[in-house]
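Please look over the chain shown here, with attention to its strands and the loops that join them. The report is arranged by region.

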Amino acid sequence: SDSHPPVAHRAAGSQTPGLLDFGQSGISYYYSRPRIAAQGEVSIAGKAVQVSGDVWFDHQWGDFDVLSLGWNWFALHLADGSDLMLYELFDMAGRKVMTAGTVSNASGSVPLKPDDIELVPVQRWSSPGTKISYPVEWNIRLPSGVLNIKPFFADSEFDSQKTTANIYWEGPVKVTGSTTGQGFLELSGYDRLQATQAARK
């Protein structure tokens with residue numbers, strides 16, 4: 001079950017729920033179900049452990065070019081029961097293309113204006129395997145205050161060069177600052193960004 005209604009993300013000022021416009025890179029539809037109650041079992045060192053909690057489910061589809069952009073994406077459950085989705089797109093020159101986000105709770109959702117969001121990288125982690133550097137700690141400045149984002153495990157790179165060729169960082173994060181919480185961070189496109197910058201030197 002889901003205690004919150006589905007969240008159809010949209011840019012501030014857009015009249016079309018769920019539609020995001022990435023300019024020359026195309027368009028996307030995107031919705032979330034941030035708090036689906038889930039329970040199950042995981043095996044730790046051969047021992048079955050019962051687990052339960054809220055699952056964040058995302059669905060995104062459309063006609064857009066993921067190779068021309070990279071992104072920093074945050075999905076955060078906050079202590080007051082609200083949920084925060086933020087993303088920042090950047091091109092392969094490292095220039096910011098778009099920043100957007102949505103605050104939601106059991107009553108509904110509100111898109112954030114780009115000027116209401118400032119994502120500030122604080123600490124980087126370099127992969128010993130791929131040598132790619134990722135900004136894994138952040139300060140998020142919002143009208144409601146500053147959130148400090150830190151990974152539970154800095155070593156959370158996903159390297160599938162031998163299969164899909166995707167290399168990115170994704171993992172659970174903790175939230176402190178003006179409020180507390182936890183969530184998930186995805187950093188994508190840094191392999192292409194690093195390769196592009198190296199080729200220009």
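## Basis of the description

This is a predicted model, in which local features need pLDDT of at least 70 and side-chain atom pairs count only at pLDDT 80 or more, whereas totals for chains, interfaces and linings use all residues. Residues are numbered from 1 along each chain as its sequence is written, and side-chain values use heavy atoms, with hydrogens and water left out.

Strands, here and below, are DSSP runs of E with at least two residues, numbered from the N terminus. β5 is mostly covered, with 9 of its 10 residues buried, where buried means under 20% relative accessible area, exposed means over 50% and partly exposed lies in between, for a 1.4 Å probe and protein chains only.

Two strands are said to pair if DSSP finds at least two bridges between them. β5 pairs in the antiparallel sense with β6 over 9 bridges, and it pairs, also in the antiparallel sense, with β14 (residues 181-188) over 8 bridges. Trp73 has a bridge partner in each of these strands, namely Tyr87 in β6 and Glu186 in β14.

## The β5–β6 turn

β5 and β6 form a hairpin with 4 residues between them, and Gly81 in the turn has a positive phi of about 95 degrees. Ser82 lies in this loop, between β5 (69-78) and β6 (83-91), and counts as buried because its relative accessibility is 10%.

The side chain of Ser82 is joined to that of Asp80 by a polar contact of 2.6 Å; a polar contact is a pair of N or O atoms within 3.5 Å, of which, within protein, one must be able to donate a hydrogen and the other to accept it, while residues adjacent in sequence count only if both atoms are side-chain atoms. When neighbours within four places in sequence are left aside, Ser82 is in contact with Arg35, Leu76, His77, Ser104 and Asn105, contact meaning heavy atoms within 4.5 Å.

Most residues other than glycine have a negative phi. Because its relative accessibility is 84%, Ala45 counts as exposed.

Lys131 also has a positive phi, near 70 degrees, without being a glycine, and lies in the loop between β9 (118-126) and β10 (133-142). With a relative accessibility of 57%, Lys131 counts as exposed.
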